[in-house]
Amino acid sequence: MIDKSMFASDNYSGVCPSAWRALEEANQGFGRAYGDDEWTRRACDALRDFFEIDCQVFFVFNGTAGNSLALASLCRSYHSIICHELAHVETDECGASEFFSNGTKVLLVPGAEGKVDLEAVRHTVERRTDIHYPKPKALSLTQSTEVGTVYSPAEMAVVGELAQELELKLHVDGARFANALASLKVAPADITWRVGVDVLTFGGTKNGMPVGEAVVFFDQELAQEFDFRCKQAGQLASKMRFLSAPWAGMLETGVLLDNATHANGMARLLAQLLIRIDGISLVHPVEGNAVFVQLPEALIDALHAAGWHFYTFIGSGHARFMCSWQTDEQDVRTFVTEVDKISRLKKI
Ligand SMILES: *Cc1c(COP(=O)(O)O)cnc(C)c1O
């Protein structure tokens, strides 16, 4: 039996076998607390290998903490953070960035396909330089974006140059960074520090871990006292090895990228099959693991009535279907058959 909620979000998935195995291994005997353990060391080293640079790594429980604490470390309270108007930081974190930074204001810019419009970023910085305006200090991007698109290395390079010119620190919300990498098939360094990214919140949860995101500082100076920030925010895990072990396991085996590649492939298939149905069209290009489609209102109602659970208010406000490491081809086909059947039955 198919789970009718499975396409609602990628965090509806369970823990992938590789992460589970690493947790089991980490559960042998004792381990030092608060990150002073072998697994955490291994995970940090695996991330340094992955990014081909000596970066500073911290593990926190979730993405909201990772984003807001990272952004807080880039700004003072009278500064501002620029992000896309659909950014998770703005729409889904309950004001955590403002809270943890003691009031740093978030300034919004528009932009097609979930990507910040660079002219709007420039305008936001340059329109005012007087003392009454919250001085822009950081730019936060989401990769892959809230609407399932990705910034290419060339686009990232342009963003990086602009950030440097405007003296903005560059943060990336990478809740789905692995999906962006799997989509672009480039070296992780090519869309991060090589193009000027200072800090990345790297998501593990949506890609098959039970809990835990990595905050990766490429500019090590910015990581100063970040451990205190985490502790104060209640984000320092005492049994840290259970956050870090899945990172070690999934990076060392390559499963991290395999999971994302699989999820992206399922999203592509889902999109291809859905748009064959009358009245359904794609809203954004499917470059990651998200599928946004325009569905007739009556079809949305009929699907909900038939027990299918999915969101219609996230991102650009269309029906969103997410795939994960756990989505299999049969699930996709079963769902699409169901949509087709309901659509015909209701003569939508
Ligand atoms: C899921 C998600 C996060 C992290 O959310 P938490 O629930 O705090 O872990 C951050 N950014 C984006 C774009 C997300 O989709």
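Helix α8 is largely enclosed by the rest of the structure, because 7 of its 8 residues are buried. Buried here means under 20% relative accessible area, exposed means over 50%, and partly exposed lies in between, with a 1.4 Å probe and protein chains only. The structure is a predicted model, in which local features need pLDDT of at least 70, side-chain atom pairs count only at pLDDT 80 or more, and totals for chains, interfaces and linings use all residues. Residues are numbered from 1 along each chain as its sequence is written, and side-chain values use heavy atoms, with hydrogens and water left out.

The buried residues of α8 are F177, A178, N179, A180, L181, A182 and L184. Their cover includes α2, α7 (153-165), β5, β6 and α11. Helices (H or I, at least four residues) and strands (E, at least two) are DSSP runs, numbered from the N terminus. K185 counts as exposed, because its relative accessibility is 71%.

A positive phi also occurs at E113, a residue other than glycine, where the value is near 55 degrees. E113 sits in the loop between β3 (105-109) and α6 (118-126). With a relative accessible area of 31%, E113 is partly exposed. Another backbone feature is the cis peptide bond from Q143 to S144, with omega near -10 degrees. S144 lies in the loop between β4 (135-142) and α7.

Helix α11 (residues 255-274) packs with helix α13 (residues 329-345). Their axes come within 10 Å and cross at roughly 20 degrees. α11 is therefore roughly parallel to α13. Axes are lines fitted to C-alpha atoms, for helices over the stretch in contact, and angles run from 0 to 180 degrees between N-to-C directions. Angles under 35 degrees count as roughly parallel, over 145 as roughly antiparallel, 65 to 115 as roughly perpendicular and the rest as oblique. The crossing of α11 with α13 is right-handed. A crossing is right-handed if the near helix is turned clockwise from the far one by less than a right angle, and left-handed if anticlockwise. On the α11 side, the contact involves M266, L269, L270, L273 and L274, which meet E329, V332, R333, F335, V336 and V339 in α13. Contact means heavy atoms within 4.5 Å. By class, this contact of α11 with α13 has 9 nonpolar, no polar and 2 charged residues. Ala, Val, Leu, Ile, Met, Phe, Trp, Tyr, Cys and Pro count as nonpolar, Asp, Glu, Lys and Arg as charged, and the others, Gly among them, as polar.

The whole structure holds 15 salt bridges. A salt bridge is a side-chain nitrogen of Lys or Arg within 4 Å of a carboxyl oxygen of Asp or Glu. One of them joins the side chains of D10 and R176, at 2.6 Å from N to O. This pair links distant parts of the chain, 166 residues apart: D10 is in the segment before α1 (17-26), and R176 is in the loop between β5 (169-174) and α8 (177-184). Both D10 and R176 are buried. For D10, the relative accessible area is 0%. Beyond its neighbours within four places in sequence, D10 contacts R176, K206, N289, M322, C323 and S324. The C-alpha atoms of D10 and M322 are separated by 5.5 Å, although the two residues are 312 residues apart along the chain.

A second bridge pairs the side chains of E52 and R194, at 3.9 Å from N to O. This pair also links distant parts of the chain, 142 residues apart: E52 is in the loop between α2 (38-51) and β1 (56-60), and R194 is in the loop between α8 and β6 (199-203). E52 is partly exposed, at 46% relative accessibility. R194 is partly exposed as well, with a relative accessible area of 42%. The side chains of R128 and D130 form a further salt bridge, at 2.4 Å from N to O. Relative accessibility is 35% for R128, which counts as partly exposed. D130 counts as partly exposed at 30%. Salt bridges with shared partners also join D45, R48 and D54 into one network.

C44 lies in helix α2. At 9% relative accessibility, C44 counts as buried. C44 touches V57 and F59, not counting residues up to four places away in sequence.
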